[in-house]
Amino acid sequence: MKVIVLGGDGFCGWPCAVNLAEQNHDVIIVDNLSRRKIDIDLEVESLTPIASITERLSAWEEIGGKPMRFINMDISKQYQKLLNLLIDEKPDSVIHFAEQRAAPYSMKSSFTKRYTVDNNVNGTHNLLAAIVESNLDIHVVHLGTMGVYGYGSHRGATIPEGYLKVEVPQPDGSRFEEEILHPASPGSVYHMTKTLDQLLFLYYNKNDLVRITDLHQGIVWGTNTEATLKDPRLTNRFDYDGDYGTVLNRFLMQAAIGYPLSVHGTGGQTRAFIHIKDSVKCVQLALENPPKPGERVKIFNQMTESHQVGELAKKVASLTGADINYLPNPRNEAVENDLIVDNKCFIELGLNPTTLDNGLLEEVVEVAKKYSNRCDLKRIPCVSSWTKKQAEAIKTN
């Protein structure tokens, strides 16, 4: 297939693009390199040194990989350029990673809130509008988040894959049955943009029959895939800071440098997780199993296991000897929650889940130790708070 990967220079986008090229797909990466620019604004760098996009693409070609092309474009602002690209290239699929992906960053200030909404919602809508205007049958694969469901309101119920069967009581006592999108309960501005995405998908699928697969992904951990390990210049980024570092990677990095593991709140928050290798595989499976013409939006829960944050910290501590530090929670969320998730769709498509085994955890610790000299300790704490109340608690800690 010819595939355009929007956001193909990012933490999930880059290994995904490399994997698709390795599978012999014709890959075009579109990115405005905004994630690299945010690093400059935050004055923090990936723990792993990452090559420029030009170096990455050259390295991939040098080791015999199928060449990938790169186009610098902001899809949230450059609509005509995006439309022309679709018309000229006529891709079979577009994989949409081109969104600001961090909940803490989205809550950092009024600027980051507005940037996240402008970038994420405009980018998604521009893509859908351009597909309709191009008059092409393009399958959209979108990287969403498990966070659209919210954390804390499920009370032991299993979260289905996107749709929920409901009964609506009628005045005459009868009940009307239908299937709706699972009610959204975003926990941050970032998560809110993802819930708006799924409404845009619902509309454009219903109105214009755009074929769409929406992947509600859990928290990604790990750093590299087999493909990105083939050359140091292909190395994927490793975020450890309080805004962009994902919780398990942060624990493993902190353990590697002897920094107490930062557990915010009680540690009773339950989250869904997926290894970067499985994330890449799931995108490939979604790409190769598109919805049929006229089929409603496919929604997959892209996760492999759920864990309580506190228990996860204890597991890492027992493995590495690290201490645990309990801190005020900067997020406005339930103190504890359960999370039972249905992910049978990817299992039925052939995903063999990568679970949280000690070997893989140690692998990430070794990566962190290798590049520990690049760690800025001042960037580890989570200081972006959801409300003034949370901000005060952080200040007084």
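Student: Happy to start with T195: is it buried or exposed?

Tutor: First, a word on the source: this is a predicted model, where local features need pLDDT of at least 70, side-chain atom pairs count only at pLDDT 80 or more, and totals for chains, interfaces and linings use all residues. Residues are numbered from 1 along each chain as its sequence is written, and side-chain values use heavy atoms, with hydrogens and water left out. Buried means under 20% relative accessible area, exposed over 50% and partly exposed in between, with a 1.4 Å probe and protein chains only. T195 has 8% relative accessibility, so T195 is buried.

Student: Which residues does T195 contact, leaving aside neighbours within four places in sequence?

Tutor: T195 is in helix α7 (residues 189–208); helices (H or I, at least four residues) and strands (E, at least two) are DSSP runs, numbered from the N terminus. Contact means heavy atoms within 4.5 Å. With those neighbours set aside, the partners of T195 are V148, A184 and P186.

Student: How many aromatic pairs are there, and what kind is Y105 with Y244?

Tutor: Rings of Phe, Tyr and Trp (its six-membered ring) pair if their centres lie within 6.5 Å; planes under 30 degrees apart are stacked, over 60 edge-to-face and the rest tilted. By this rule the count is four aromatic pairs. For Y105 and Y244 the centres are 5.5 Å apart and the planes at 40 degrees, so the pair is tilted.

Student: Where in the chain do Y105 and Y244 sit, and how many residues apart are they?

Tutor: Y105 is buried at 4% relative accessibility, and Y244 is buried at 3%. Y105 belongs to helix α5 (residues 103–106), while Y244 is in the loop between β10 (219–221) and α8 (247–257). The pair links distant parts of the chain, 139 residues apart.

Student: Which residue lies over the face of Y244?

Tutor: A charge sits over a ring if NZ of Lys or CZ of Arg is within 6 Å of the ring centre and within 35 degrees of the ring normal. At 3.6 Å from the ring centre of Y244, the residue is R35.

Student: How is α8 oriented to α12?

Tutor: Axes are lines fitted to C-alpha atoms, for helices over the stretch in contact, with angles from 0 to 180 degrees between N-to-C directions. α8 and helix α12 (residues 358–370) pack at about 60 degrees, with axes 8 Å apart. Angles under 35 degrees count as roughly parallel, over 145 as roughly antiparallel, 65 to 115 as roughly perpendicular and the rest as oblique. Therefore α8 is to α12 oblique.
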